[in-house]
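Here are some exercises to work through with the model open beside you. Try each task before you read its solution.

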Amino acid sequence: MPSLGNASDNSYLIVNANIYTVDPNMPWAESILVDKGVITAVGQEDKLRNLAEDNYKIVDLGGRMLLPGFQDPHLHALEAGINETACFLPAEGTANTYREEIGYCLKDQGNAAWFLGAGVSMPELLETVDSPMALLDQLIPDRPAVILDNLGHGAWANSKAMQAVGYLDLKADPPGGIIDRDPYSGDLTGVVFENAQQKLRNAALPPTKENIEFAYRSLLSALNVLAENGITTVSDAGGYWPRGHQEAWVRAERENELTVRASNALYLYPDLPFEEQISEFQSRYMNDQDSLLRFNQAKIYIDGILSQATGALYQPYERDLDLPREFKKGFLYFDEETLFKYVTELEASGFQLHFHATGDRGVGLALDALQHAKNINSQSDMRHRITHLYLVADKDVARFQELDVVTDFQLSPSSTNADTKRYLAEIVGNRSNHLMPARRLYEAGVDLVLSSDWDAEELSPLKKIEAVLTQRNGSFDDVATVIELMTINVAKLLHHEDKTGSIEKGKLADFVVLDRNIFNIPVNQIGTTNVAVTLLEGEAIYDPKGLFD
C-alpha cells in the first residue's frame with residue numbers, strides 16, 4: 001500500500017461526522033479513534049477526545065457521512081483497465097458504422113501485431129452484417145484482428161486471427177465454446193461465443209514483457225477508478241493466468257501500489273487437460289490472511305448468458321433463435337462428470353468456488369456439483385458462491401442454505417431496467433417475471449451479496465444502491481439493508497469479517513466518506529452523491545480535497 005510516511009500519520013480522531021457503522025450494537029456514532037490504521041474506539045466525540053493522545057491528528061469531516069468502505073465481490077478490474085485502451089465500438093451498428101470507427105482506430109493502434117477492439121454485441125452483429133469475418137478481412141487484411149463483445153461472452157475475428165488459433169480448419173466446437181457458422185452455407189462467420197473467445201484473447205495478449213507491463217499499467221488505472229468510487233475490497237473474477245494477470249496483481253502489492261484488499265479468482269479453462277490445470281491452480285494458490293492480495297478462488301463458468309441463449313435452462317427457450325437442437329435449453333461449459341471432478345479437487349485444494357450461472361439449470365448444476373464435493377470432501381465453512389442467477393428454480397431455493405452457498409447479484413441499472421426485462425421476455429417468456437430473484441432468496445434466508453460485474457456493468461456503488469431501491473417491483477426497500485449487502489455481507493463471503501465490513505473496535509480503518517448522508521435524501525438522488533475520501537487501513541487513497549492531510 002502506498003505509504004504516507006510515519007505510521008503516526010494513520011493515527012487520528014475523526015469528528016463532526018455522520019458515521020454509519022453497520023454494527024447492529026451501535027449503528028450510528030459521532031467519532032472514531034484510529035491508531036496506526038486500526039479502529040481503537042467508536043462512539044461519542046467528547047469521550048473519544050479524552051482517549052486521543054496529544055500527537056493524534058484531529059480530522060473534522062464537516063458533517064459528511066462516513067461508513068465502511070464498499071466491497072465489490074465480482075468485477076473485472078484489470079480487464080476494465082485494458083479495455084480503456086482498446087478500440088471501443090458501439091454495441092449496435094451497421095457495416096458502414098464499423099468501417100468508419102475501425103478506420104479511426106487503425107491509426108491509433110499503429111503497427112501493433114494484433115488489432116484489438118471491444119464493445120460489439122455479437123447477436124446484433126450477426127443480424128446486421130451478412131459476413132462479419134469478410135468485413136473484418138476487408139478492413140484489416142494485414143494482421144490478426146479480434147473485437148471483444150460488450151458482455152464478455154463472445155468475440156469477432158478476421159480470418160488471420162481465426163487461423164492463428166486453429167479455428168479455420170476446426171470441424172467441431174472446442175470444449176466450452178461455440179464457433180458460429182452460417183446456418184445455410186456452414187461457412188464461418190468470424191464470431192465465436194463463450195470459451196472459444198479465450199484462445200483469441202490469449203493469442204492477442206500473450207504474456208510478453210511488453211504485454212505484462214501493459215496489464216500492470218491497466219491494473220493501476222483501474223485501481224484509481226476503484227478508489228474514486230469508495231471501494232476498498234474486491235474479488236476480481238477474471239483471473240486469466242496465461243496472460244500474466246496474476247503477476248500484475250502480485251507486482252502491484254510488491255511495489256506498494258495495491259490500494260484494495262483483493263480476494264481474486266483464477267479462471268478454469270474447459271479446454272485444458274485436467275491434471276495440468278489442477279497443478280497450475282495449486283501452484284498459483286495464495287491465501288495469506290495478513291496480505292492485501294489473495295488468489296484463493298476458482299472461477300468456474302457453468303453456462304453462458306440468456307441474451308445469447310447460452311444460459312442453461314431446465315425448459316427450452318421460448319423464441320425461435322435458429323438454435324441447433326442441442327442448444328434449445330442453452331449451453332454448458334463442462335460435461336457433468338468433468339465439472340464434478342474439478343469442483344471436488346479444487347475444494348479439496350482449499351479454493352473457494354465462484355460459479356457463473358445465469359439460467360436455472362446452470363444454477364442447479366452448480367449446486368449439484370457442490371453437493372457431490374460435499375459428499376466426498378466433508379469440507380465446512382467454505383462459503384462458495386454463485387453469481388448472476390438470472391433464473392432460479394423453486395426446487396433449488398432451499399439448497400443454498402443446505403450447502404452454505406452465497407448468492408451474488410448484479411442489480412445495476414442496465415440489468416434491472418424495463419428494456420432489459422422486455423427483451424429477455426421475448427427469449428424466456430413468462431419466466432422473465434421472476435428474473436434475478438434477489439429479494440425472494442433473501443427472504444428465504446439465503447446469504448446474499450451485491451456486486452457490479454464492472455466493466456460489463458456500472459461500477460458506482462452509489463448508483464447501484466439507487467437502482468436497487470428504485471426498481472419498479474422493489475427488490476429491497478431500505479438503505480441499511482443494501483449497504484449491508486455491499487459491506488459486511490461481502491466481508492463474510494471473503495472470510496475477513498473479523499477485519500473489515502463494519503466499523504468496530506479492533507477492525508481496520510477501511511472507510512468511505514460521502515458528501516451527504518444518504519439516509520436523509522430521496523433514494524432517487526443517492527446516485528448523485530459524491531465520494532469525498534476513500535481510506536484503506538487508515539490511509540487516504542483518494543482524497544482530492546485533502547481532508548486527511
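**Exercise 1. Find how many disulfides the whole structure has, taking a disulfide as a pair of cysteine sulfur atoms within 2.5 Å.**

Step 1. Searching the whole structure gives one disulfide.

Step 2. Its partners are Cys-87 and Cys-105, with sulfur atoms 2.0 Å apart.

Step 3. Now for the handedness: the torsion about the S-S bond of Cys-87 and Cys-105 is about 75°, so this disulfide is right-handed.

Step 4. Cys-87 belongs to strand S9 (residues 87-88) and Cys-105 to helix H3 (residues 95-109), so the pair ties together parts 18 residues apart in sequence. Helices (H or I, at least four residues) and strands (E, at least two) are DSSP runs, numbered from the N terminus.

A word on the model before you go on: it is predicted, so local features need pLDDT of at least 70 and side-chain atom pairs count only at pLDDT 80 or more, while totals for chains, interfaces and linings use all residues. Residues are numbered from 1 along each chain as its sequence is written, and side-chain values use heavy atoms, with hydrogens and water left out.

**Exercise 2. Describe how helix H8 (residues 209-228) and helix H9 (residues 245-254) cross.**

Step 1. Two packed helices are described by the angle between their axes and the distance between the axes. Axes are lines fitted to C-alpha atoms, for helices over the stretch in contact, and angles run from 0 to 180 degrees between N-to-C directions.

Step 2. The axes of H8 and H9 come within 9 Å and cross at roughly 60°. That makes H8 oblique to H9; angles under 35 degrees count as roughly parallel, over 145 as roughly antiparallel, 65 to 115 as roughly perpendicular and the rest as oblique.

Step 3. H8 and H9 have a right-handed crossing, meaning that the near helix is turned clockwise from the far one by less than a right angle.

Step 4. List the contact (heavy atoms within 4.5 Å). H8 supplies Glu-213, Ala-215, Tyr-216, Arg-217 and Leu-219, and H9 supplies Ala-248, Trp-249, Arg-251 and Ala-252.

Step 5. Sort these residues by class: the contact of H8 with H9 has six nonpolar, no polar and three charged. Here Ala, Val, Leu, Ile, Met, Phe, Trp, Tyr, Cys and Pro count as nonpolar, Asp, Glu, Lys and Arg as charged, and the others, Gly among them, as polar.

**Exercise 3. Do the analysis again for helix H10 (residues 274-284) and helix H11 (residues 336-348).**

Step 1. Their axes come within 11 Å and cross at roughly 25°. H10 and H11 are therefore roughly parallel to each other.

Step 2. The crossing of H10 and H11 is right-handed.

Step 3. On H10, the contact involves Phe-274, Gln-277, Ile-278, Phe-281 and Gln-282; on H11, Lys-341, Tyr-342, Glu-345 and Leu-346.

Step 4. By class, the H10 and H11 contact has five nonpolar, two polar and two charged residues.
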